[in-house]
Structure formats: structure tokens, C-alpha cells
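User: I am new to this structure. Please walk me through the terms used to describe it.

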Amino acid sequence: MAESVLDSPDLKDLQEEELWGLINDNRHAICLGTRPCVLIPYLRQARVLTDLDEDEILNCLTLINRSMRTSHMLDLLRIQSRNGAMALLESLMIHYPTLYTQITGRQPSIEPSHFSGLIKYTELTEYLVHAVSSMQTELQVTQHESARLRAQCCELEGKLGQAEQNNQEFIQIQREHARLHNHLDGLNRELLKLKDEKCDLYVRYTTALEEKSANVIRNRDLQLEIYQLQCDLRKAQKQTEFQRQNSVKNLSDTQKLKDELSAVRAKLLETETFSPVKQDILAHDLKEIETRRSELAEEVNRINEENEQLQQEKEELLEEKNSLALEVAKMTVDCEMYKHRSMLFQSQLEDVQAERDKAYLSRDEAQAQIARSLAEKDTLRSQLMELQEKLFTMNACSRQRERREKSRERKFSCESSPPSSPPLRRQPCDLKTILPECFISYDASEFSDEQISSIISNQVEPPCSESLRRRDLHFSSRSDTEDNYSIQDLADDCFTDDDYVVIAKGHCLEESVSPSSISSPMRKRSHADSVSRASAPPFLMRSRPQALRITGRILTIFFQGETLLNQIQIIGGNKTGVFVHHVTKESSAHNTGISPGTQILQLKYERKRRAVQMVLEDTTMEEALWALGQVQGPCHITVRPSQDAYENLLQQLKNGEVMSGDSFYVRVNMTLPGDVAGNLAVKCNDIIHITNTYHTSDGFWWGSHVHPCHLEDLKSGALPNYYRAQRLLIRAIEDMTYSRKTHRKERTAADEKQRVVRIVSTSQQRRNPLWVSVEDDNSKSQDSDGCLPSRCVTLMPFTLVTPRFPPICRPVLLLPTILGRVLHKRLAEQEGYQLCEPELLMTSEHGMQMQKGEILEECDSKTHLCYTLQGVEKIMKRGTHCVLPLGLDCVCRLHRAEIFPIIVYIISTERSLRRLRHKLRQNSVTESQVLECFCSEEPLLDKLPCLYRSIPPESWHDTATLVDTLKSVVTEEQNKIVWVESDPW
């Protein structure tokens, strides 16, 4: 468009429709990038707007934002025809030169010859001078602000120097603290060993009990199986006996038939031996009998039929009787079996009740023991306070004696000297500075009855959430103001280390202990006036009655992290977390207490005088290795012991259930061929499940194709990682650029199958857009680290996707838009489909839904006839597919409302459109319009956040087959998983 405008001699030569065509093509950019209050003075001076128009634009209540006011101003200028367009472009040239260049393709100029003459030369000069003076005023204000900021910067630099001095002093204090803390840790090692041995014994005992209960359950199951087999054997014996009786009946019937056959044969032989006279007599008798035979034959036949029918009914009744007898026998056996089972269940229930009673007794004993422990603790507290009082009294007396001795040496009389007042001494410290927070009890007068229960009280009732929150705030506020003068080491000996806590009566572990309430106070040690372990009184040396180890605590460790990957080895990924797998002995990490099974949550270090923070809780293995490799000096590492999750991951790796702790899904934006080395062959728009981001050290992932209808991995293989795939993508684009032909051929289905790349860009300035945890400073560029680039280019070979499972029928969107509007009525006539109709909204409803983003598209802005989300949801709730006669703009709005349409893209060529010529003529649409819409919407499909389905032209030959194809495609897509990618911008 810009090239066509530059070819014309001047904007003055353009017609009205051409000028407004330029403005309407950039109407969205004008509404977003301009302010009406800046443009209106020039438009008023050009006499295209009046004072009433200005008041309506700036003060109308229906125009709630700047974009709506700008759009209304454009509508008023459209009434002024060509003068309105020229005045608008000239005002943009003066105030918004960049937007003017974007619209017209020309550079702005303030020469009088470039103006249309709507304003006189003198008035134009005055307006330009006024605009220049206002800009100079703004420049002066900016310069003053810059000078003020420079002065403030100098002041901050002075403060920074003072802060650095304070930092040096703080570092010295930290070193002294670390030395004392190491000394204290050495004293506690033996105690920790005893605790671990005791915990191991508890674990072994619990394991033995579990094995015993499992064996008992297995024995009961085997007994039930044996009884079941016995019942089945009895049923089989009954059935065999029934079949044997039937076989004996059949033998007796066969014997009767044989006897009858022998009697008939004997009569036949007797008739053959008759003489001729007897034969004549018999013949005469036969003639007489024949007359009667015909009469009796019918009666005999009738009787025979009745006899046969009765015989059949008799046999059926006998068979039914036998089958019922067999069923009765089976039911009897089943009844006996169920009776036996019920007896077994009752006996097991009695055993469980007995075990429950034992557990209740054990619980009562434990509660009584805890109560005794609490009473003993209170006694120890009172004794400790008494000892402190005695100690301070003795110190005061000793100081008084020293003063008296000094006074005698100076030859002053003791009687004449006034009595000296006792020196000020430090008051006995609060027990909260001696004991962990989880053991401090408060006076009941401080809180109400409902809030008295807490994890640190001696009450049996469980704590309430408000009590926990209030006491956490209370401890955090008092921790900075309380006196640190305490016998902390003595308290450490009285109450064991923070790896174990006592479970109070009636408290569960989750309610009684929180990692934040235990870890913070126990790390604070007092170094002044502390009592050593050897000097602790004997009555303070005691053991706890019962203790449990706390896991899941978050700790922050500071140590020297040069070549951190040589000190520790890690396993895991974004699904399971990153765990320490091996620690090098005598390294800094080993000396600070990092052990296998520790989960790494966060990493902080300084790089090139800048603080860098990386959150590794949900990172992949590849990202975690890169982050740990960046550490080249002191670092703060935040860890959490998670032994159960670590052992579970090791078990899965050993059994071959997983390859690592990574698991995420990506959409491939390029075609990668496979090879015999095990590389996975993928096509553009394939969904891949990545299960290992560090398959090889040379930059390869391990992934699998995903079943389209459910989350099941199919063929697996290696594929290049993000950076390697990015280079391959750039190379593929270069090859496509060099091999591009000058003439454009007709698009076919084969061309669609040959798509090798999908252009996806991002503005996120990260090392890798798939990495979400690196919080780096983007203000300065960094040098590249090895094979990793310092900044990620905009092209993305992979994009992260998440699976969605829509529970109801999804709406259908047909593309290209023009062809979809031709076919949507025909598709809506089918069963299970309904066309989405626009709704007429009131002005207030229209404004409210416009703010909420619930309007998909406006048919008429004046009458507020719109397609809304509510209309789509009503049709979907009926269990039918909603056919959307809309464009691609509605897809993002539908996704924000958690509605995922089925996008069907009908590939259109001149040959395929001839089959729809009659249908297109009925809707006053030409083939060239469809092809133009096809070419314009095709590049926009790659920018959609979801997949779409293409229909090649050879799969249908007329309107009926096209509709049938659409129905089958919609049915297939409804059963598939919807993969939605996050916004890369």
C-alpha cells in the first residue's frame, strides 16, 4: 500500500475514497496511538470540527475510553468528506509523524506547499510556532528533571559507599558468627548420631509391624481363596451328578426301543408264514376294515399329536425341574460360602476392634507421658529462673566486695562512705530467647478462650489458624527487639535440636509444627554470656520421651560455589523437582551440609557486579544444569530436604518408568527428518511429549509422539534441543528463500503437505523462551556462554502447549471466511448443528459487554447488533455444535472464555471452486473473492494458539460431499485433545 501511495504525485491528487481508504486501513492504529485533545485544535482551526463536536467528543458519557473517543472523531470527520481526511492527515503529520509515515508512506514535512490550504498561511504559521514553543517548554521541563535525577544519583552513590562500609563490617561479624556456629555444630554431632540411631530403630520396628500385618492379610486372603475353590468343586460335583442321571435315562429309553423293534420283527415273520386260505380270509377282513380305517385314522392322528405335545411338555417340565434343583444346590453352596465369609469378617472385625482398643490405650499412655513431660518442663523452667536469680545476686555481691576492697586500698573509711546502690544488671531473659518457638507457652490472659490453643501452648485443643498467624507476626516483630542475653547453649542441651519436635497431646504433626516456626528461631544463637555444655547442671540433661523428625523445611545456605557442578551432581526435572544426587567429599557443598536427596529451590549469586536470582523449583534438567554452571563464586542456595520424593524418583528411574524428572508438551514449528541413529521424525504442527531434556551432552532431547485422543506416548526418539533446532529452522528458512521461484503457482493439497516451517516469533528477551525461571537483568547484554547464545532470537522452533479436554460440543469455524459464510447455513441444517444468530443489545448492555470482552463481532455498530459469548454458550449447553459465521478475530476471545472452537480450513483452488460455482452465484460471491480471502487468511492460521484441520480439494466433488466431509471432520476433532499454546508475547 505504501508503494502505491509513493507512486502518486501528491496526497492532494488522491480522491476522497482513496484518502479514507488509507485512514480506514490504519484505523486501529490511529485509535490506539493518538489522543483527540491533541488533534482537535488543528481540526477546529481547519474548520472541519465545531465547538459542539469538540464537546461531544471529549465529554460524552457513552465514550468511556480514549479509543472510543478517537473512533467517534473519525466518524465525524468522515462526514466532512475529503476536507476531513486531509485535515486529519495534516494534524497527524504535525503531532504524530511516525503514524503519518505508517499511513501514507511519506516522511512528514512542515513546508507550506505540503499542506492542503484548509488553513491560511498566517494561521498555519502561528499554529506551527505555538506547537514548537510547547515542545521547547516540554524539553526544558525534561532537562530540569534530568538535572534533578543526576543530583539524586550522586546522593545515592554517597549512600552506596556508606552501605559498602557497613557491608564490610557485617561480613566480619558474619565470619565470627560462622566460627562460633561451627564450634556449636561440632558439639551437637554426637547428639545427632544418637538421634539418627533412635530414628532408625523406630523405622525398623515400624517396618517389621507392617510386614507382619501384610503377612496376616495375605494368609486370610489365601484361606478365602481355598474355601472358594472348595465351593466351586462342590458345584462341579453336583453338575456332574445331574448329567450322569440324564445319561442313565437315555440308556433306558434306548432299551425300550430295541424291545419294540424285536416284537415288530417277530410279527413280520409270523405274517410271512401264513397259508393261501388265511391270506384270502385276511384280505376279505382287510377290505371290511378299510372302511373303518379311514374313520379311525383321523382320530388316531389327533390323539397322537396331543400325546406328543403332552410328552414334550412333560419333558420340558422335567428339564426345568432338574435345572431348578441344580440352581437350588448351587445357591445352597453359595449361601454356605457367604455364611463362612461373614463369620471370617466378624472375627477380623473383632481383631480390628481389639487393635483399636490397644491403640487407644497407647494414645492415653502417650498423652499422660506428654503431660508429665510438660510438668517436668515447667519445673525445670522455675529451677532455671531461680538459678539465674542466684547467679545475678552472687555477681552483684562480688562486685560490691571488689568496690569495698578498692576503697580500702585508697584509704577511704567504709563507715563514712555512703551505701552504694546495687549496680544495674541485665534482667532474666524471656524464655522465648532460650526455648524454641514451638515450646513457648503464653499466659491465658493475653488471648481469648477460643484463641488460647496453639502449637506452643500446653493445652490439648488444636490451634486455630488465626492464632498461628498472629503468633507468627508476634515472634517476627519481637525477634529484633528481644535481648539476646540468654543461655542458648544450655537450652539446646535441654531441648534437642530442631531436627526433632515433641508431639503435644491432641495435636497432629501438621498442626503442631510448621517449618517456618521451627527453622527460624533455632538458627539464632546467642554468643554473649553463654553457658558451655560442660557447665550445664545435671538436672537439665534429660532426653525426650518421643520425637519425630521434621522434613520439608526450607533452608538457605551460603558457601563458595566455584565450579559448582564439580561439587554436586543433580537429577530430576520440571515435574519432580531438581534433587542433589551426589556430593563430592571435602568440597564446600559437603562441608555446608548438603546431602543427596535435597531439593534445590532457588539460587542467588553475583555475576559481573549484578545480582542474579534463579528459581529452580519447576525447571527442567537442562535449565538447572545451565543455571548451576553459571556460578563462579559465592552463592546463596535455597534447599528443602525431600527424601521421599527423591527415593520415589530413584525407584522410577531404576524400574525404567521414566527417563528423567522432565515432562512437558511442545508444538513443533518445523519438519525434522528421522535417521537410523534414533532421531525422531517430526512434522510441522506435531505435538511431542518431552521426557528428558538432557538425553545427550551434545544438545538432544528425548520425546515421544502423543496419541491425538488421549495422553498416551507413541513412538519415541531423540530430537534436537531448542538452540540446535533454532539453527536448523534458520537454515531451512534460508534454503526456502534462495530456492523461491519468481512466479507463483496454483496452490494444491500437495503443497500443503510439504509445509516445513511455521513462523512463530516472540518479544520475550530471555535466553530461552521455554525457560520460565531465570530472572536475569535484561538491561545489559551478556556474552555468550559456550554453545548458548547471549540472547534468544525471535524465531521459535518449539512452543509450549497444554492439553485441554472440552466436556461439551465445541463450536465450528469454517475458513476461508467468505466460503464459510456460503456453507454455514447448509451445515447448520444438519442434525446436531445450529447457526449462531446475532443479538440486539441495549446501549448499556453493549457498553458493559464491550468492557468485559464478551462481544465476538459487531454486525452493526449503530443498532448494536452483535454476536456474543452468551449466544454461543446457550447453543453449546444444548449438546449441539454452534456454527460461527465469524472470522479469525473471534478465536482469541473464545479462548479467553475457555471455549475452544473447531477450526476447519477448506483449501481452495480455481479447479475446486468450479464445483461450487452455482452455490457461489446464489450468494453473490465470485471465485476471485474466495481465492483472495484464501490467500489473505492463510498466513494468519500460523498465528493461532491452537491447531486447525485442513480439508484438501480432492476429498470432495460437490456441495453434498463437502458437507459430509465437514461432519466427519468435526466428529473426529471433537474426540481429540485440544492443545493450546501460551502467548509468546
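**Terms and what backs them**

Analyst: Helices α2 and α6 are roughly antiparallel to each other, because an angle over 145 degrees counts as roughly antiparallel, under 35 as roughly parallel, 65 to 115 as roughly perpendicular and the rest as oblique. The axes of α2 (residues 16-25) and α6 (residues 66-79) cross at roughly 175 degrees and come within 12 Å. Axes are lines fitted to C-alpha atoms, for helices over the stretch in contact, and angles run from 0 to 180 degrees between N-to-C directions.

User: Which residues of α2 and α6 meet?

Analyst: E16, E17 and W20 in α2 meet L74, L77 and R78 in α6. Contact means heavy atoms within 4.5 Å.

User: What kind of model is this, and how are its residues numbered?

Analyst: This is a predicted model, where local features need pLDDT of at least 70, side-chain atom pairs count only at pLDDT 80 or more, and totals for chains, interfaces and linings use all residues. Residues are numbered from 1 along each chain as its sequence is written, and side-chain values use heavy atoms, with hydrogens and water left out.

User: What is the mean pLDDT, and where does pLDDT stay under 50?

Analyst: pLDDT is the predictor's confidence in each residue, from 0 to 100. The protein's mean is 76, and 75% of its residues reach 70 or more. Values stay under 50 over residues 1-9, with 11 contacts beyond four places in sequence. They also stay under 50 over residues 412-462, with 105 such contacts.

User: How many helices and strands are there?

Analyst: The protein has 28 helices and 23 strands. Helices (H or I, at least four residues) and strands (E, at least two) are DSSP runs, numbered from the N terminus.

User: What makes both faces of β20 covered?

Analyst: On one side of β20 (residues 881-884), H881 and V883 are buried; on the other, C882 and L884 are buried. Buried means under 20% relative accessible area, exposed over 50%, partly exposed in between (1.4 Å probe, protein chains only). Across the protein, 35% of the 985 residues are buried.

User: How do you know that β20 pairs with β15 and β16?

Analyst: Two strands pair if DSSP finds at least two bridges between them. Two bridges join β15 (residues 812-815) to β20, in parallel. Three join β16 (residues 833-835) to β20, also running parallel. V812 has V883 in β20 as its bridge partner, and Q834 stands opposite C882.

User: Why are β17 and β18 called edge strands?

Analyst: Three strands form an open sheet in the order β17-β19-β18, with antiparallel pairing. β17 (839-840) and β18 (855-860) each pair on one side only, and they are the edge strands. Helix α23 (residues 869-877) packs on this sheet, touching β17, β18 and β19; its direction makes about 50 degrees with that of β19. Four bridges join β18 to β19 (residues 865-868).

User: What makes β5 mostly covered, and which strands does β5 pair with?

Analyst: Five of the seven residues in β5 (residues 577-583) are buried. β4 (residues 568-573) pairs with β5 over six bridges, in the antiparallel sense. A hairpin joins β4 to β5 through three residues. I570 stands opposite V580 in β5. Two bridges join β5 to β6 (residues 598-607), again antiparallel. There, V578 stands opposite I600 in β6.
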